[in-house]
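Visitor: I would like to learn how to read the contacts in a model such as this one. Could we go through them one at a time, with the general idea before the case?

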Amino acid sequence: MSAAVITGVGVVSAFGVGARAFFGGLSEGRSAITQIRSFDASAFPTRVAGEVPVITVDGSWLRSQLVGSSAAADSRLDEYEQRGAFRDRKVGFGLLAAAEAWRAARCGEAEKEAWLSLALGLEQAFLEDFAPLSAAGGVDWAAPPQTALPRVRLRSRLDLCAEVLGRYFELRGPSLVNASACAAGALAVAHAASLIERGAASIVLCGGADSMLNPLGLGGMSRLLAPSPRNELDACRPFDRRRDGLVIGEGAAMFVVESAERAQRRNVRPLARILGWGSTQDAYRATAPRPDGSAASRAIQRALARARLGPEAVGYINAHGTGTPLNDEAEAIAIRAALGAHADHVPVSSIKGALGHLMAASGAIELAACLLPFERGLLPGTAHHRDRDPRCDVSVIGERPLAARVEVVLKNSFGFGGQNASIVLGRAVT
Amino acid sequence: MKRGAPPIVVSGAAALSAFGFGWRGLGRALRDRALKPAVSTQLQESHAGVLASELASIPAAVDVGDARTQKLMSRAARLGAVAVKQALDDAGWADAREEIGCFFGVGASGGSMTELREMLRASRDDAGFSLTRFGSAGLAACSPLFAFQLMNNFTLCHAAIQSGVAGPNSAFYSRGNGTLVALAEAAHALSEGDCARALAGAADTALHPVTFAELVREGRAQNGFVPGEGAGVLALTREAEQPLAVLEHCGFRGPGLAPSELVRELLEGVDGLEVDLVVLAPWGASARATLREAAEARFAGAALLDISLGLGDSLAATPALAWVAALDLLVSGEAERALILNAGTDAAVGAVLLGRPT
């Protein structure tokens, strides 16, 4: 059985493009929530977000961020731009994050045998394309391909980002797209580790990309009343007594995960070991988490059991921590049920106050945040958390990061619909 | 399958298709009867006259949830929830459902067009569509729970919620191979002991107006493409007193090689590759010829059944329906060992080997 290690990471977030910007923002305890600028959201119920600081994602912006692309890769980029692929913002974010991870892990020709295991958000429905057709007296559904429809994308395919990555990097392994909502990011990385462990693959490019910062995405979430009704920059306050909803974010985090032997053979420094993972289903309600946290707690216990670790081994928990009244309380109960008395001593934080909820990519970007303790000896803070809710009976780290040396971290991701995932990382053996 | 581990067996199944709401008889019906597509009722407004392979109305006796819950569900989610309930019943798994795993292949989002239309209507001002009007009035014109119809993981989640299935789980987006991945993960979860029982399957529809429009736009709705819908589920376990079949192999490969090479690679190392039935599960018309060619080259003596010819293209659900059709032919004694091959538009190929229990 091979151990799975992370050897490269790439991030695109509201802090900017690149892992350096991401770790820098977290290390300084900053929040990147801003007014939405990529489209006119002034009449929307929700007007703030963790938005990647770029108005338009297009080929020219992507080329400016991608260094050292081959001519063949550039030509594929052109092809996808002509097909309108980058209108779906997550496609470009996923590509940039993957390119950074690929470069950081010093991947070359031999690594093109990699599998892909990605968490991708919903297809992006192009409301603005529906609208003119609708206004003209009804959608011209039956228009032959060469007339109206090529100019109009009713939605982008969910796995478009996987296709772009596969072709850009010329990957030869299978492509797996996890569609488990907010649990997908953690599950996609866990799946990568599992493929390594069982010997099915020796290297996997994995992670998540999502953007709901488009009219239908933002509108749909607003209509659900999931976002905070306040349009303040501190709208998301995880585990805080005054919390009243989430803030939507966008971006991507990608990892190169490979067997420890392969990393050693390539002389690539592991950033962390993936020790365990577990998943469960609330099987409760479509609209709310199970309030007793029992299913989420079992996901944590499964992850620790797979890692062959007891609760006392956990040194830090990166929570799902959405800042919604129901989630945070249920998660705190789940943590306490899984860790028992040790929960009193484990620092817990959520980065959603600083970067928003990246939905399908949330588990991936928050897993990237779990590298901060190993790389810089810092536990990320919880932006805008000032007054802990006593019903969230866990040791929440405040707004500033906490200096600490930990050996094992736990990441929770809980999805709409009740899908729960937990994953355990360990400090790399040097 | 993990070497040395107890075999994974099929304890129950479910299938929802144009042939009805049950799995027994599906394989035989597909073998004996040709598809008789009819003008789609679901596409009537958007694509009038399109011939489709459509399910009849879901009978109340097999349906799940109350009217409010059903309104939350996309078509695929509802089919998935009914199929999971049927598979659990078929396997007789009434107890300890919180430990049952559930792995699903899911397709595209399927929001209600009525909701979308109301939203767009309320978003127009004198100049046409207005983003401002959309924000201030259009959103309020649709159901607050519209977003839940759009989330395609709910194809799995509604099934879990309705049936109380709460073990390890994952939803994989599928244009063919994701459904195979779901089966492989269910098998792995069983082999690893993550759960003792698991459901693997898929539910999908090509009959959502946006899905069909995108298939047309991508040039896939041609060459005999008949849009279909359905759901298929296998109930898998490591131990059963009277198993229906043994899951002998499950794997996928690609892209990068010719399909025949992928099939050869896939089946390397599988013991005694003698099969008397090959079931094809192509996603889209182009995959059909590819799979047929690969199957005929490698398994010339075996009976060949292409389920898309009988059921139309049910997208993510096609491979799962193929497993269940093969199961029917095994259980009815008409085949001893069946190989089910799937291929999608992502140039990947998957293979499942089901055998009669000894």
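Visitor: Which residue forms a salt bridge with Arg28(B)?

Guide: A salt bridge is defined here as a side-chain nitrogen of Lys or Arg within 4 Å of a carboxyl oxygen of Asp or Glu. In this predicted model, Arg28(B) is paired in that way with Asp328(B), and the closest N and O atoms are 2.7 Å apart. Between domain 1 of chain B and domain 2 of chain B the count is two salt bridges.

Visitor: Before we continue, what conventions lie behind such values?

Guide: Residues are numbered from 1 along each chain as its sequence is written, while chains are lettered from A and ligands numbered from 1 in the order in which they are written. Because the model is predicted, local features need pLDDT of at least 70 and side-chain atom pairs count only at pLDDT 80 or more, whereas totals for chains, interfaces and linings use all residues; side-chain values use heavy atoms, with hydrogens and water left out.

Visitor: How much area is buried between domain 1 of chain B and domain 2 of chain B?

Guide: Buried area is the accessible area (1.4 Å probe) that two parts lose on being put together, summed over both. For these domains of chain B it is about 3700 Å², with 69% given by carbon and sulfur atoms. On the side of domain 1 of chain B, the residues that lose the most area to domain 2 are Arg175(B), Asn177(B) and Leu180(B), together 18% of what that side buries.

Visitor: How many residues of chain A are in contact with chain B?

Guide: The contact joins 63 residues of chain A to 66 residues of chain B, and the two chains bury about 5500 Å² between them, 61% of it on carbon and sulfur atoms. Seven salt bridges are counted between chain A and chain B, and one salt bridge is formed by the side chains of Arg298(A) and Glu99(B), at 3.5 Å from N to O.

Visitor: How many residue pairs are in polar contact between chain A and chain B?

Guide: A polar contact is a pair of N or O atoms within 3.5 Å; within protein, one must be able to donate a hydrogen and the other to accept it, and residues adjacent in sequence count only if both atoms are side-chain atoms. Between chain A and chain B the count is 26 residue pairs, both at pLDDT 80 or more.

Visitor: Is Asp240(A) buried or exposed?

Guide: Buried means under 20% relative accessible area, exposed over 50%, and partly exposed in between (1.4 Å probe, protein chains only). Asp240(A) counts as buried because its relative accessibility is 0%, whereas Gln82(A) is exposed, with a relative accessible area of 71%. The side chain of Asp240(A) reaches the backbone nitrogen of Asp387(A) at 2.8 Å. Leaving aside neighbours within four places in sequence, the contacts of Asp240(A) include His384(A), Arg386(A) and Asp389(A).

Methods:
Contact = heavy atoms within 4.5 Å.
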